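Here are some exercises to work through with the model open in your viewer. Try each task before you read its solution.

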Amino acid sequence: MEGITWLTHKYVMHGFLWVLHKDHHQPHDHDLEKNDLFAIIFAVPCITLFYFGTFHDNPWLTCIAIGVFLYGIAYFLVHDVVIHQRIKWWTHSKNKYVRAMRWAHKMHHKHLGKEDGESFGFLWVERKYRDKIKKDESIRRAGSA
């Protein structure tokens, strides 16, 4: 799913459906965004897979639907709760992976337009962002010694 997510984010959300994703990259003071419509858009194939898998006795489609559904839950928890903190469940983390993921996403959002983006992945954090967190940690430790 990570590869599909990267391609969808770069070429669909930052491509022909930028009109829905744009407000996610702009500062605002409202709770909902047009970008939230992607939850519905991505739910349609999942529901369709559940339907055909269940009512047409195709366990493969049901398994794919379960995987897409679980990935959707992970997306909500990681992207909306951990990264953007739209729900204040987990606001501070010392975990290096979480910090690297937040930094990578911050670097993605520094681009307010659809062009020149970076870090289109979701759960996979590129080495340069992980290295940045390691370097920050070394500097912090050296400063406190």
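Contact here means heavy atoms within 4.5 Å. Helices (H or I, at least four residues) and strands (E, at least two) are DSSP runs, numbered from the N terminus. The model is a predicted one: local features need pLDDT of at least 70, side-chain atom pairs count only at pLDDT 80 or more, and totals for chains, interfaces and linings use all residues. Residues are numbered from 1 along each chain as its sequence is written, and side-chain values use heavy atoms, with hydrogens and water left out.

**Exercise 1. Get the overall picture**

Solution. 
- Step 1: box it up. Along the principal axes, the C-alpha atoms fill roughly 65 × 30 × 25 Å.
- Step 2: check burial (buried means under 20% relative accessible area, exposed over 50%, partly exposed in between, with a 1.4 Å probe and protein chains only).
- Step 3: look at contact range. Taking contacts with a separation of 6 or more, 44% come from residues 24 or more positions apart.

**Exercise 2. Pack α4 against α5**

Task: find the crossing angle of α4 and α5, and list which residues meet there.

Solution. 
- Step 1: Two packed helices are described by the angle between their axes and the distance between the axes.
- Step 2: The axes of α4 and α5 come within 11 Å and cross at roughly 85 degrees.
- Step 3: name the arrangement. Under 35 degrees counts as roughly parallel, over 145 as roughly antiparallel, 65 to 115 as roughly perpendicular and the rest as oblique. That makes α4 roughly perpendicular to α5.
- Step 4: list the partners. From α4 come V78, H79, V82 and I83, and they meet V98, M101, R102 and H105 of α5.
- Step 5: sort them (Ala, Val, Leu, Ile, Met, Phe, Trp, Tyr, Cys and Pro are nonpolar; Asp, Glu, Lys and Arg are charged; the others, Gly among them, are polar). The α4 contact with α5 has five nonpolar residues, two polar and one charged.

**Exercise 3. Now α5 against α6**

Task: decide which hand the crossing of α5 and α6 has, and what residue types make up the contact.

Solution. 
- Step 1: get the geometry. Helix α5 (residues 96-109) and helix α6 (residues 127-144) have axes that come within 8 Å and cross at roughly 120 degrees. That makes α5 oblique to α6.
- Step 2: find the hand (left-handed if the near helix is turned anticlockwise from the far one by less than a right angle, right-handed if clockwise). The crossing of α5 and α6 is right-handed.
- Step 3: list the partners. K96, R99, A100, W103, A104 and M107 of α5 meet Y129, R130, K132, I133 and E137 of α6. This contact holds six nonpolar residues, no polar ones and five charged.

**Exercise 4. Follow the histidines**

Task: starting at H105, find which side chains it makes polar contacts with.

Solution. 
- Step 1: place the residues. H79 sits in helix α4 (residues 59-83), while H105 belongs to helix α5.
- Step 2: check burial. H79 is buried at 3% relative accessible area, and H105 is buried at 9%.
- Step 3: trace the polar contacts (N or O pairs within 3.5 Å; within protein, one atom must be able to donate a hydrogen and the other to accept it, and residues adjacent in sequence count only if both atoms are side-chain atoms). The H105 side chain pairs with that of H79 at 3.2 Å and with that of H84 at 2.9 Å. The H79 side chain also makes a polar contact with the side chain of D80, at 2.9 Å.
- Step 4: Beyond four places in sequence, H79 is in contact with H24, A74, H84, H105 and F122.

Terms used: Axes are lines fitted to C-alpha atoms, for helices over the stretch in contact, and angles run from 0 to 180 degrees between N-to-C directions.
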